Structure formats: C-alpha cells, structure tokens
Amino acid sequence: MGKIINVIDTAYRATLEEQDDTSLWFTRACKNAGADMDILLTGNAVNYVVRNQNPHALYLGKGAIPHPSKFQDDLSDFIKSGGRLYFLNNDLEERGIESKEIIEGAQALDRTKMASFLDTYENIWHW
Amino acid sequence: MSSLNVLIMDPPYESANTATVFRMIDSTLRKGHDVTVFAYEGAAALSFKPQKGHPNPVKGTSEEEEKHPLSKDFVEGLFATARENGREFKWINCGLCVDERGVGDWVEGPVRGGPQHFVEAFNNCDKTLVIATR
C-alpha cells in the first residue's frame, strides 16, 4: 500500500498518563507490524527531538507515574530501526531550539519544501 | 465497491469528531462500501455497553424525555446498517486501550485487536483515514 508519513503536530497528548506519546507508540507498533513509515514533527511536537529532556517520575498520593516517556530515546530507536525522522525547521526556530540541541539522525525540513516532500508519500496520516 | 479503513481516537462526548466519523461510516456503508474501524485510545469506550442515558436537570427533562444519545447505540446501528446493505463492517477495539480504561464490556459486534490489525486493514483497503484527538 505504499509509504506512509505520520505528521505529528500535537505534542504531550496524555503522555504522562500513558508513559508514551500515543502517536509515536502507534507508529512504532505499525512499523513493527510491517508498515513502511516515516515521521514528520511539526508545531509543538518539534520539541520531541530535543536531546536533553529529562522527565522525572511523578507521584500523586498513592499513585505514581514512574516511567515518563523519553521521546528523544523513542525517536532515536525509531531511526535505528530504519525509519526516517523529519522536523519542520521553521517550527524549531520559532521555539528557540538550536540545531545543536537535537538528537542525531533527525532531518530538518523547510516549510517551503513541505508540499513537494509530502508528495513523495502515498499516504499521509495527520496526528 | 471499495473499502475504507478508519482510525478514530476521541472518547465519547468530547468532540465533534465522533459524530462526524459515525456519519461518514454510515454513509459509506449505505453507498455500498466495506468499512473497518480501529478504535484507539478514548474511542475504545464508544462501544462500552454499560453507557446509560440521564435526565437533563437544566432543561427539566426526564431521562425518558431527554432520550440522551449513546455512542454504543450508534456502534450497534452501524452494524445494523452494514447488515441491511450487505456490507462487511469490522469494529476493532484497541485491546490495551480497553484494558487501561476498564471498558471491556461491549455491545455485540466489536472485536479486540492491536496495531497489527490496523496495518492488516490498511494493506487490504482502498483508503485509510486517521482522525486523531487534538
């Protein structure tokens, strides 16, 4: 059925409760099931490529969130598994994130190139 | 005849996405196409059988007068539409999403599955639509 690009625009969607980003998790699960998938991070989700994120465990009364997700590690694992990870450079710059702060293997995409970039995929899923 | 594969993510009563996707699926089935739904995250509660209507104290209506719509009834209705139109309709509830919410008691029709079943449906359908929570 052809190559899929997962455009992830909404970040930190129940990530504490899930100890995962549900769209990233789903992407990796589908890839493990044989789907040919890449990821494009846009909007607030570009923050996922920042290397030095260090979420701490959270305790609420007797409840705990002991293993908050480390998105940079999830995305590095995705790249190591053969997936390509892109981020919209304009959205990164708008947030004051410098390229030296991001994980290895993530590739910048300029907004002006987005249409032609998306045109190289047969399927676009927008999260 | 073609086939549509849809992922939905919103829980009941939180977003217009739910009613929209129900309408799209109903229309697709009536027009003679097959549909597979993957209910991910909060959408796993759409088919939860213990859902109950309630009165509306603001309007002063009783439960009977209010006839509050229930998403489980819409899911059952989609299966009925598929039967009436001789179409194949599958509703797959994400099993892990069901477990973490405790919503495993469903109306008749939905089955338990995982992302691999969504990929399988993707590989066998004509179009896939992902409708994510914002």
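# A walk through chains A and B

Start with strand S2 of chain B: select B:Asp34, B:Thr36 and B:Phe38, which point one way from the strand, then B:Val35, B:Val37 and B:Ala39, which point the other way, and you'll find that all are buried. Keep in mind as you go that this is a predicted model.

**Staying on S2 of chain B**

How many residues of S2(B) are buried? Six of its six, so the strand is mostly covered. S1(B) and S2(B) pair in the parallel sense, over six bridges. To see one bridge up close, pick B:Leu4 and look across to its partner in S2(B), B:Val35.

**Over to helix H1 of chain B**

Next, click on B:Thr18, which sits in helix H1 of chain B, residues 16-30. Is B:Thr18 buried or exposed? Its relative accessibility is 8%, so B:Thr18 counts as buried. Show what lies around it: setting aside neighbours within four places in sequence, B:Thr18 is in contact with B:Asp10, B:Pro11 and B:Leu46.

**A salt bridge in chain B**

Now select B:Glu41 and B:Arg101. They form a salt bridge, with the closest N and O atoms 3.0 Å apart. This pair links distant parts of the chain: B:Glu41 is in the loop between strand S2 (34-39) and helix H2 (63-66), while B:Arg101 is in helix H4, 60 residues apart. What about their surroundings? B:Glu41 counts as buried because its relative accessibility is 7%, whereas B:Arg101, at 34%, counts as partly exposed.

**Where the chains meet**

Time to show both chains together. Here 21 residues of chain B are in contact with 18 residues of chain A. Which residues of chain B lose the most area to chain A? Select B:Tyr40, B:Phe122 and B:Arg134: together they make up 34% of what that side buries. The area buried between the two chains is about 1,700 Å², and carbon and sulfur atoms give 70% of that.

Look for charged pairs across the interface and the rule finds zero salt bridges. Polar contacts are another story: five residue pairs turn up across the interface of chain B and chain A. To see which elements give two or more residues to chain B's side, colour helix H4 (95-101), helix H5 (115-124) and strand S5 (127-131) of chain B. H5(B) brings the largest share, six residues. Colour that side by class, and you get 12 nonpolar, four polar and five charged residues.

**Salt bridges in chain A**

Cross over to chain A and select A:Lys3 and A:Asp36. Their salt bridge has its closest N and O atoms 3.0 Å apart. Here, too, distant parts of a chain are linked: A:Lys3 lies in the segment before strand S1 (4-8) and A:Asp36 in the loop between helix H2 (22-32) and strand S2 (37-41), 33 residues apart. A:Lys3 has 17% relative accessibility, so it counts as buried, while A:Asp36 is partly exposed at 38%.

For another pair, jump to A:Glu94 and A:Arg95, whose side chains meet in a salt bridge at 3.7 Å, N to O. A:Glu94 is exposed, with a relative accessible area of 62%, and A:Arg95 is partly exposed, with 34%. Over all chains, the count of salt bridges comes to 14.

**Helix H3 of chain A**

Now select residues 71-80 of chain A, which make up helix H3. Which of its residues are buried? They are A:Phe71, A:Gln72, A:Asp74, A:Leu75, A:Ser76 and A:Phe78. To see what covers them, show elements including helix H1 (15-18), H2, S2 and strand S5 (85-88) of chain A. Following H3(A) is A:Gly82, which has a positive phi near 105 degrees.

**Two last stops in the loops**

Most residues other than glycine have a negative phi. With that in mind, click on A:Ala14, in the loop between S1 and H1 of chain A. Its phi is positive, about 60 degrees, although A:Ala14 is not a glycine. A:Ala14 counts as partly exposed because its relative accessibility is 36%.

Finish at A:Gln19, in the loop between H1 and H2 of chain A. Phi is positive in A:Gln19 as well, near 55 degrees, and this residue counts as partly exposed at 24% relative accessibility.

How values were computed:
Residues are numbered from 1 along each chain as its sequence is written. Chains are lettered from A and ligands numbered from 1 in the order in which they are written. This is a predicted model: local features need pLDDT of at least 70, side-chain atom pairs count only at pLDDT 80 or more; totals for chains, interfaces and linings use all residues. Side-chain values use heavy atoms; hydrogens and water are left out. Contact means heavy atoms within 4.5 Å. Buried area is the accessible area (1.4 Å probe) that two parts lose on being put together, summed over both. A salt bridge is a side-chain nitrogen of Lys or Arg within 4 Å of a carboxyl oxygen of Asp or Glu. A polar contact is a pair of N or O atoms within 3.5 Å; within protein, one must be able to donate a hydrogen and the other to accept it, and residues adjacent in sequence count only if both atoms are side-chain atoms. Helices (H or I, at least four residues) and strands (E, at least two) are DSSP runs, numbered from the N terminus. Ala, Val, Leu, Ile, Met, Phe, Trp, Tyr, Cys and Pro count as nonpolar, Asp, Glu, Lys and Arg as charged, and the others, Gly among them, as polar. Buried means under 20% relative accessible area, exposed over 50%, partly exposed in between (1.4 Å probe, protein chains only). Two strands pair if DSSP finds at least two bridges between them.
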